[in-house]
Amino acid sequence: MNSDTNKISVPSFSQIRARLKNYTMIFALLLIWIVFGFLNQNFFSARNLSNLFRQMSIIGFLAIGMVPIIVTGNIDLSVGSVTGFVSALAAYFQVYVFADMFPALLPGASPATILLFSALSTIILSLLVGYLIGCLHGYIVAYLGIPAFIVTLAGMIVFRGGVLGVTGGENVGPVNDAFKFVAQGYIPIPIGYILAIIAVALIVYQQIRRQMNRQRFGLERDSIQRILFVSLGSSLLILLYTWTMSQYRGIQNPVLILFIVATLMTYVSNNTRLGRYSYAIGGNREAAQLSGINTKKTIFYIFSLMGLMSGIAGVILAGYVGSATPLAGNQYELDTIAACVLGGTSLMGGEGTILGTLVGALITASLINGMSLMNLDIFWQYMAKGIVLVVAVYIDVLSKRGAKS
Amino acid sequence: MQENLILDIQKINKSFPGVRALKDATFSVQRGSVHGICGENGAGKSTLMKILSGVYLKDEYTGVIQFDGKELRLKENAIHEAKELGIDIVYQELALVPKMTVGENIFLGKEPTHAGRIDWSSLYSRTQEILQRYSLDINPQAVIETLSVGKQQLVEIAKACAGKTKLLILDEPTSALSEKEIKILMNTVKTLKSNGITCIYITHKLEEVFEITDTVTILRDGAVVTTKPTSEYTNETLISYMVGREMTERFPKRDPKLGDVVLRVEKFTVQDPHNPKKHSSHDATFDVRKGEIFGIAGLMGSGRTELIRALYGEYGTKLSGNVFINGKIKPIKSAQDAMKSGMFLVPEDRKTEGLILQQSILKNITIPSLDIFSSFFRIDKYKELKTAQTYAKKMAVKAPSLYVKASTLSGGNQQKVVLAKALLSDPQVLILDDPTRGIDVGAKYEIYKQMVELTNEGMSIIMISSSLEEILGMSDRIMVISEGKVITVLDSGEANQEIIMHHAVGAS
């Protein structure tokens with residue numbers, strides 16, 4: 001076992017193809033960036049890149065929640081409406097409830113304290129609402145046995161109604177500055193660098209621990225190339241990103257939160273029972289059931305996590321727009337599913353990664369961003385997104401066909 | 001070919017990788033007769049029928065088949081061609097569209113049309129005619145799923161006979177039916193015969209053989225043992241023709257030390273989820289002792305798998321009965337409950353039920369036991385890997401590494417992975433459903449050896465098997481099941497192939 005890891009061998013063509021396949025979407029992303037970079041010199045400006053990443057963060061949160069859903073062989077069509085509903089509720093509470101409640105509750109407190117309390121309460125309430133909606137969907141899908149497609153289609157309609165009900169069909173706003181800060185603010189540049197250095201240190205520490213563990217358990221250590229590639233590569237990416245954003249105003253708050261949530265969720269999917277069980281259920285539900293996995297409970301948890309992610313997306317959306325609109329979150333479910341598919345998540349279940357899906361979300365966000373920079377009409381954006389989705393799945397189909405023969 | 005023969009089969013050979021499914025099979029069928037085909041599980045009956053009905057093509061087997069005076073050469077679109085020639089088959093599993101009516105099903109794909117539209121009145125009146133011809137009391141406009149399983153089976157037969165069928169093959173048509181429904185089916189077969197349609201009737205049930213067949217061909221290990229008029233057989237000769245073979249396989253020696261009763265099942269009755277009128281298990285009572293290998297024998301469709309699945313909480317609705325483990329009553333409602341009570345099931349079909357094929361060997365082995373490696377939320381991956389390696393080694397899984405996908409392994413190695421997974425979960429009672437099906441002799445022997453070792457360590461094993469040799473070679477006691485009922489429990493000393501088969505075919 002593991003005997004051939006250190007052998008120097010020339011990889012065969014099929015091996016090269018298999019390796020390349022893992023990076024297909026990264027190449028596609030780079031290609032899109034290069035094309036837009038040529039077409040418009042502003043594309044690579046720090047300001048535009050900063051906007052680009054901020055724009056992808058909302059779909060990013062939803063996609064992180066959607067991966068385990070699709071991995072278990074389910075789907076959630078309600079995430080757009082739920083995000084909209086949470087954002088509407090957040091704006092409503094900011095404007096009509098907390099704005100009066102906290103000054104009355106805390107007489108003599110400074111205006112800044114009141115803003116902070118109002119923002120924190122709104123965030124907690126939003127996350128709770130999102131989470132509970134996820135639990136409701138999960139309960140119906142897992143324990144009442146109604147297909148996820150139907151349950152979440154109904155959820156999509158119900159919560160779109162909810163958005164209209166809360167907003168009364170009009171814009172509700174503005175939300176206060178402390179609340180906006182979560183979505184619109186930046187990490188001060190020096191702190192950004194400190195965080196980046198901490199992240200790099202953690203990566204290095206993780207690598208060292210991994211090698212020590214492998215040695216302790218009698219496994220061969222990873223090759224030097226691999227260690228360098230993984231730790232140097234990811235460290236460089238983090239530092240490059242921090243540096244680029246520092247050319248503008250610094251790391252965007254929502255992107256930092258997205259990075260943390262994505263790391264946590266990757267950990268959950270690789271290193272916890274919940275993660276393992278999801279992949280097992282998606283891979284073969286019958287075998288998972290016979291192996292004593294509580295498939296219902298697992299699916300319930302997965303949906304509740306999706307709800308929590310929709311809650312976060314709702315907070316970011318409300319803060320980003322500064323108010324709630326009746327169309328908030330419209331069609332986000334489709335962008336989210338597209339991001340998952342682009343990122344290699346199989347709609348058949350059993351396969352998919354958080355990281356891949358974020359690359360997928362970045363691809364769609366880049367297309368939209370690049371095309372609006374070029375002042376192309378909005379209809380082109382829709383068409384381009386649709387075509388890219390079909391092409392991406394076709395590549396996937398082709399590579400699977402290639403692997404079989 | 002003589003005029004009175006409808007089918008003449010000469011020296012048919014068919015091989016699958018590692019197995020010769022048919023060896024020089026030769027026999028002929030009289031026009032207008034009901035011709036029975038009997039044989040043990042795996043004797044080659046189904047393969048033969050698949051050749052006749054066009055599932056396997058002419059160039060996939062050797063030998064000559066004469067049908068109705070002409071040589072049968074089925075190539076592309078063979079299933080359709082076989083139907084055109086007049087050969088039709090009714091499988092054990094129903095092939096009707098459940099949401100459509102009886103008439104729509106019978107005329108599916110050949111609807112009578114009038115000016116481009118379906119002529120419904122003609123369709124239903126012709127359906128009525130067909131149903132009357134075979135004296136079937138079924139409403140042509142009834143929707144299939146509202147009918148009982150027995151009536152659906154009859155519709156299927158009517159559908160087959162609606163065309164120009166000359167030879168109808170019935171593959172164990174009664175396995176899903178209640179006794180009343182079986183009677184009606186028998187009468188229908190007799191009506192078919194009087195209408196001049198030849199039937200090939202595959203069954204294990206001796207009662208049915210003697211009631212309706214004129215001639216019986218017996219297959220054993222892919223070869224025809226004999227073909228004789230039914231009147232020349234008795235229960236005993238028929239059984240001995242089916243099983244009469246030397247023990248060829250080798251089994252490891254063991255010296256069983258049986259302890260107390262570990263598992264006790266009392267008056268266990270389960271409703272069949274596919275046919276609510278039927279019990280998939282009826283009043284089953286048995287016990288299994290510590291360190292014992294408890295064999296369960298029964299023909300396909302006897303309800304052996306269903307019984308085990310129901311015990312495991314994963315089949316049908318329990319109507320009555322109790323399960324005791326170490327004397328304590330255990331209400332088992334799911335695989336989880338069963339595992340907590342100390343059982344583990346290695347299911348019949350490792351590919352669709354036992355393994356997650358796209359995942360690594362490692363993940364497959366540890367998935368039921370992740371709790372042991374987890375502290376708080378985190379799975380200790382190194383501990384997981386080490387443990388999985390130990391068990392993979394114990395089961396002698398052959399693979400380049402544990403990170404290889406389960407789908408890339410051979411059948412025998414896949415089964416060893418499933419067994420490693422079972423052992424890691426450390427059950428008191430290990431249930432093996434046909435554990436050596438479709439795997440090579442070497443891997444079989446390794447699995448037997450492992451079973452011996454486990455029972456020596458005090459584990460109890462329940463083994464279902466299609467192979468009588470395996471049941472006799474490995475078990476301490478043998479329970480024979482037929483039609484969901486426990487017929488008898490034999491000590492291995494008093495059992496032989498004839499006795500088991502005698503009980504399994506319901507001859508007692």
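Let's start where the two chains meet: 20 residues of chain A and 24 residues of chain B make up the contact, where two residues are in contact if their C-beta atoms, placed from the backbone, lie within 7 Å. The largest share, 5 residues, belongs to helix 10 of chain A. Helices here are DSSP runs of H or I with at least four residues, strands are runs of E with at least two, and both are numbered from the N terminus. Sorted by class, this side of chain A holds 6 nonpolar, 11 polar and 3 charged residues. For that sorting, Ala, Val, Leu, Ile, Met, Phe, Trp, Tyr, Cys and Pro are nonpolar, Asp, Glu, Lys and Arg are charged, and the others, Gly among them, are polar.

Before going on, a word on what you're looking at. This is a predicted model, in which local features need pLDDT of at least 70, side-chain atom pairs count only at pLDDT 80 or more, and totals for chains, interfaces and linings use all residues. Residues are numbered from 1 along each chain as its sequence is written, while chains are lettered from A and ligands numbered from 1 in the order in which they are written. The predictor gives the complex an ipTM of 0.85 and a pTM of 0.81. Chain B has an average pLDDT (the predictor's confidence in each residue, from 0 to 100) of 87, and 97% of its residues score at least 70.

Now for chain A as a whole. It has 15 helices and 0 strands. Its C-alpha trace spans about 70 × 55 × 50 Å along the principal axes. The radius of gyration of chain A is 22 Å, which agrees with the value near 22 Å for a compact globule of 405 residues; the radius is taken over C-alpha atoms, and the globule rule is 2.2 Å times the number of residues to the power 0.38. Of those 405 residues, 41% count as buried. Buried means that 20 or more other C-beta atoms lie within 10 Å of a residue's own, exposed means 12 or fewer, and partly exposed is in between, with C-beta atoms placed from the backbone. Among contacts between residues at least 6 apart in the sequence of chain A, 82% join residues at least 24 apart.

Both chains split into domains, with bounds from an automatic or database domain assignment.

| Domain | Residues |
|---|---|
| Domain 1 of chain A | 26-185 + 252-404 |
| Domain 2 of chain A | 186-251 |
| Domain 1 of chain B | 5-243 |
| Domain 2 of chain B | 251-342 + 428-508 |
| Domain 3 of chain B | 350-426 |

In chain A, the C-alpha centres of domain 1 and domain 2 are 26 Å apart, and 9 residues of domain 1 contact 8 residues of domain 2. Helix 2 (46-71) and helix 9 (253-271) of chain A each supply at least two residues of the domain 1 side. Helix 2 of chain A gives the largest share, 4 residues.

In chain B, 25 Å separate the C-alpha centres of domain 2 and domain 3. Their contact takes 10 residues from domain 2 and 9 residues from domain 3.
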